[in-house]
Amino acid sequence: MRNWQVLASSALIALASSTVFAAQPALMPWPTTYTAKDGSLSLDKPLRVDASGCDARLTKAIDRFRAQLTAQTGNLYNHQPVEAKDNPVLAIHCAAAGLPVQAVTEDESYGLAIDPAGVKLTAPTTLGALHGLQTILQLATWAPKGWALPAVEIQDTPRFPWRGLMIDVSRHFMPLDQLQREIDGMAAVKLNVLHIHLSDDQGFRVESKKAPKLQQLGSEGMYYTQDQIREIVSYARERGIRIVPEFDVPGHSTSWTVAYPELASDTPATRVVRNQGDRQQPPLDPTNEKVYKLLDDVFGEMAALFPDAYFHIGGDEVDPKYWDKSEHIQAFMKAHNLKNADALQALFNQRLLAIVTKHGKHMIGWDEILVPELPKETMVHSWRGPKSLAVAAKEGFNTILSAGYYIDLMQPASQHYLVEPLSGDAADLTPEQTKHILGGEAAQWAEYITPENADNRIWPRTAAIAERFWSAASVRDVDSMYARLDRVSTELEFLGLKHRANQERMLARLAGSAPRDLVSTLSNTLEPVKEYERGETHEFDADMPLNQWIDALSPESDAARIANNLAAKVAANPSDAEARRDLRRILELWRENDLRLQPYMADSWPLQSIAGFSPALSQLGAAGLQALDSIESGIPVSAAEHQAHLAAIKAGEVHRAQLLLAVTPAVQSLVGAEKVTQ
Ligand code: TNX
């Protein structure tokens, strides 16, 4: 009997060997307590469900549970007589139904006990039961005699009540069915808020009946009808997920001013933003009463459409130049004793707060809205850095964190995973202040997203962030996270997400007629450039096809991570023969690949775009092998050889086609460990 909760607590898990991880169930997020028991429950027969006390959401959840278990295992659970008396029982009991509109304060905990005779799932409300079913799905595993659930006892409750994913559907529209599959993925990893960024310079994405010009002129025909919104809201609710809408004002509002030019602070664009040149459009004019009239109408309409208690008004990145140069706005500011653009936006926000409150909602905005005049009932969404999170909490605002969880910036899962909401300045808060930190949201901005690659941008990394929001702060072992993430990623594919399948077809398209194995050996070592490098080197253009390597390759290369880890292991412990052997095979593959791939390069535009990486990889492979030989034999390399190795590393650091060679660190580790003759 092993107690995984103890193992998961940081110090011990670092000592645990990789064979221990192999046995660890692929639960993500990791539960509050996990006690392994002896034995297992065979899944040879479908479970007979006996539910009581939960609301109607559970019935549908059980149907999905069966479908998902069927997809994951390949067994035909939906074909067999579930009622059979001798089948093991899945007993589910809720102490109470959930609230009619899911609230941020609702209890989401559950308890789960599995033994060879059956499963018991208990929860204070239906929400906990939904989460518990997801845990059971993640526990299903091959056992010597077939599929089984390990015997286990779990008590589980989230650390933060607000665990979100923000999706921008304005820069690139996301069709309804795709949004639904993202919700499926969220439910699988126990996220509970889908924040939809519904309006921006590039598009207004909801049908308004009060102001139909918004979608008619501001969406290029790509928007959700009100019926579709109702559909997505109920789809999310059935899965324990709240939908928080965002309408970004007064900046990022070109889609509004295309429809209502008279509301802009200056002459606005005549079409929604398509490229860099269109950017920097004038914000709404806070001195114009008609602005508030329209916002009242539209926000009122949207507040009725979206039942959630929260309403996000954006508020980020207002360019002050239009307010500074406008005579009538300057005169207004003087008359009202407003000393700068921030003060004017604060006044705007106070008017907004009155509107949003009148329509029965709590207002949220990005952290720019945090100024001394901001009323305390506003919630602050921190994105520019963690500081504003701590400041907001200290001043008594409820707040959530997205800084550090920007998944559009192409960083590895590990980086986001280790961002701790209660660290830095937030670590010094009193318990009372800390309560104002409700959680966080991963943020998927959509400048470079299409229906084809969106899943690959969001998954599986968002699962790691979901664990940060749900699990204890002490659960932060990166190796364990990656071991589980890989299996969760497979689970998500069975659920219908296409992060792997769509990537596969995008890569096949790019490879064309060249042999896939040769192309993959190279492309597996590449990653998109990080942070804002893409936008800084190539102008954003909404009409540009997103079908290049940078669009197809995952934000992080698993192959590179594995090679980099192996090399670090060998450098730290040269006597690790297994690691040396595995690494040697990889380095040989790199070294040989260029020669074999070269014949296909000349005729292919996509291969041409990454051609420079191919000899660079080959040289890295050669340098790595020489370093490995030296490490293995103890025979030093010559000074000239060492110089050549350093040159290969330097050549490996060049960015091309907005990509980088992600395996250079592996060779760096080896060359750093090689002995050089004096
Ligand atoms: C900043 S985050 C923005 C977005 C961009 C994003 C790209 C925020 C409140 N504003 O408009 O899409 O950077 O990472």
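The dialogue below works through a disulfide, a nonpolar core, a pocket and a cavity in one predicted model.

Biologist: What should I keep in mind about the model before reading its features?

Modeller: It is a predicted model, in which local features need pLDDT of at least 70 and side-chain atom pairs count only at pLDDT 80 or more, while totals for chains, interfaces and linings use all residues. Residues are numbered from 1 along each chain as its sequence is written, and side-chain values use heavy atoms, with hydrogens and water left out.

Biologist: Which residues does a disulfide join?

Modeller: A disulfide is a pair of cysteine sulfur atoms within 2.5 Å, and here C54 is joined to C94 with an S to S distance of 2.1 Å. C54 lies in the loop between β2 (48–52) and α4 (57–73) and C94 in strand β3 (residues 89–94), so the pair ties together parts that are 40 residues apart in sequence; helices (H or I, at least four residues) and strands (E, at least two) are DSSP runs, numbered from the N terminus. The link of C54 and C94 is right-handed, with 90 degrees about the S-S bond.

Biologist: Is C94 buried or exposed?

Modeller: Buried means under 20% relative accessible area, exposed over 50%, and partly exposed in between (1.4 Å probe, protein chains only); at 1% relative accessibility, C94 counts as buried.

Biologist: Which residues touch the most other members in the largest nonpolar core?

Modeller: A nonpolar core is a set of buried Ala, Val, Leu, Ile, Met, Phe, Trp, Tyr and Cys residues joined through side-chain atoms within 4.5 Å. Of the 126 residues in the largest one, L133, F247, W256 and F299 touch the most other members, and helix α10 (residues 289–305) contributes the largest share, eight residues. Domain 1 (33–156) and domain 2 (162–495) both give residues to this core, so it lies between them, the domain bounds coming from an automatic or database domain assignment.

Biologist: What is the volume of the second largest pocket, and of the largest cavity?

Modeller: On a 1 Å grid over the protein atoms alone, a cavity is a set of points where a 1.4 Å probe fits but cannot get out, and a pocket is an open set with protein on both sides within 12 Å along at least five of seven lines; lining residues have an atom within 4 Å of a point. The second largest pocket has a volume of about 910 Å³, and of its 40 lining residues, R171, H252, R279, E317 and E447 are the closest to its centre. The largest cavity has a volume of about 70 Å³, where a volume is the space filled by probe spheres set on grid points joined across faces, edges and corners.
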